Amino acid sequence: ESYDMGGHDTYMHKEIHEQADAVDRALRGRIDDRFSTVHLGGLNLDARDARAVRRVKILGCGTSYHAGQIGAQMIEELARIPADAEPASEFRYRNPVVDPDTLYIAVSQSGETYDVLAAVQELKRKGARVLGLVNVVGSAIARETDGGIYVHAGPEVCVVSTKCFTNMVVSFGLLALHLGRTRDLSVADGKRIIEGLRKLPGQIEEILANEAQIEELAKEYADAKSMMFIGRVRGYPVAREASLKLKEVSYIHAEAYPASELKHGPLALIEPAMPTVAIVPDDELLEKNRAALEEIKARSGRILAVAHQEQEKADHTIVVPKNEDELDSILMGIPLQLFAYYTAKAMGRDIDKPRNLAKSVTVE
Ligand code: G6P
């Protein structure tokens, strides 16, 4: 993609619409149908190294940290390696225990975020193996790491990240599949995940084709002073990223909670003036999520659901196409990027350059 606006009013809108092509690029040339796995040329991790990994620790900031949270879940699910994500800034200041059997992954769009770079340098100094999951080729983090995956999102200009987030999560899906297939993920499951990955670009187009509905909904909810975002397990990091996106571009206060934690506090906030956006995938937690919607409805809360089928308890549902359970998180946040965009637009915000924020934070 060029820096040309191509008829879009903002880079955010343009970049949201580039996602099907961007995902296609992340997959291109990497799928190996013969062994139901993927080739990740720059990873610099042979099968023996991959099998020796006992833990995965993912480090990033902002949206990249959220991509890392989804990535950690994918790695646990598909490769059965304990994995978690942490803000790089927190990690480096708590004198972390650096373990030689842990694979560290630094996630960054720009590859220049100072807190991530400093965490990588500290890890390297202590002899850890660090990979990068980076967009900008040849950037500082790409150079400092032992190998990694370029996410191939193309240039991202809007301060808030959309297409790069999606490509990061897809890249984590590739990595999880690769690690899984060096371990106990079966050929049949490998094949199932590959088929799911291949469906993504078409399904992204389907979601974007629903733009008019999302625009209407955004106008309807733009009067809110504050919004709650909820999800469980796979849906929770999706809720966190969607809540961040809304605050960044619209300046509406938003917070994300696991739906299961509502009863331990946030339920006290629910009233008609505090709408909830709920991520409701058709997975093993569907009934639990529906019960959370009932709890909110019983307190007269307005609900916008993002789900694989209409939700009876919700005031509105944005229906997204179903993929494999392990890959649904890639798609469920996409309508909420448009939701944030149209909310900010209805409020007249400076969408590509929100106040007080920078695309890349290269100082501490
Ligand atoms: C800034 C940007 C965010 C971004 C974060 C990490 O805060 O405003 O959109 O997610 O930095 O940037 P990186 O380039 O490391 O992904």
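How many bridges join strand β10 to β11, and in which sense do the two strands run? In this predicted model, local features require pLDDT of at least 70 and side-chain atom pairs count only at pLDDT 80 or more, while totals for chains, interfaces and linings use all residues. Residues are numbered from 1 along each chain as its sequence is written.

Strand β10 (residues 276–280) is joined to β11 by five bridges, and the two strands run parallel. Strands are DSSP runs of E with at least two residues, and helices are runs of H or I with at least four, numbered from the N terminus; two strands are taken to pair if DSSP finds at least two bridges between them. Val280 has Ala307 of β11 as its bridge partner. Together with helix α12 (residues 286–298), β10 and β11 make a right-handed β-α-β unit; a crossover is right-handed if, with the strands pointing away from the viewer, the path from the first strand over the helix to the second runs clockwise. β11 also pairs with strand β12 (residues 316–319), in the parallel sense and over four bridges, and His316 in β12 is the bridge partner of Leu304.

Five of the five residues of β11 (residues 303–307) are buried, so this strand is largely enclosed by the rest of the structure. A residue is buried if 20 or more other C-beta atoms, placed from the backbone, lie within 10 Å of its own. In a regular strand the side chains alternate between the two faces of the sheet. In β11, Ile303, Ala305 and Ala307 point one way, whereas Leu304 and Val306 point the other way.

A further right-handed β-α-β unit is made by β3, α4 and β4. Strands β3 (residues 55–60) and β4 (residues 83–87) run parallel and are joined by five bridges, with Ala85 of β4 as the bridge partner of Ile58. The 18 residues of helix α4 (residues 62–79) should span 26 Å at 1.5 Å a residue, which agrees with the 25 Å between its end C-alpha atoms; the expected span is 1.5 Å times one less than the number of residues. Because 16 of its 18 residues are buried, α4 is largely enclosed by the rest of the structure. The helix is followed by Arg80, whose phi is positive, near 55°.

The ligand is surrounded by 17 residues, the closest being Gly62, Ser108, Gln109, Ser110 and Thr113; a residue counts as near if its C-beta atom, placed from the backbone, lies within 6 Å. The largest share of this shell, three residues, comes from α4.

Notes: Buried ≥ 20, exposed ≤ 12 C-beta atoms within 10 Å, placed from the backbone.
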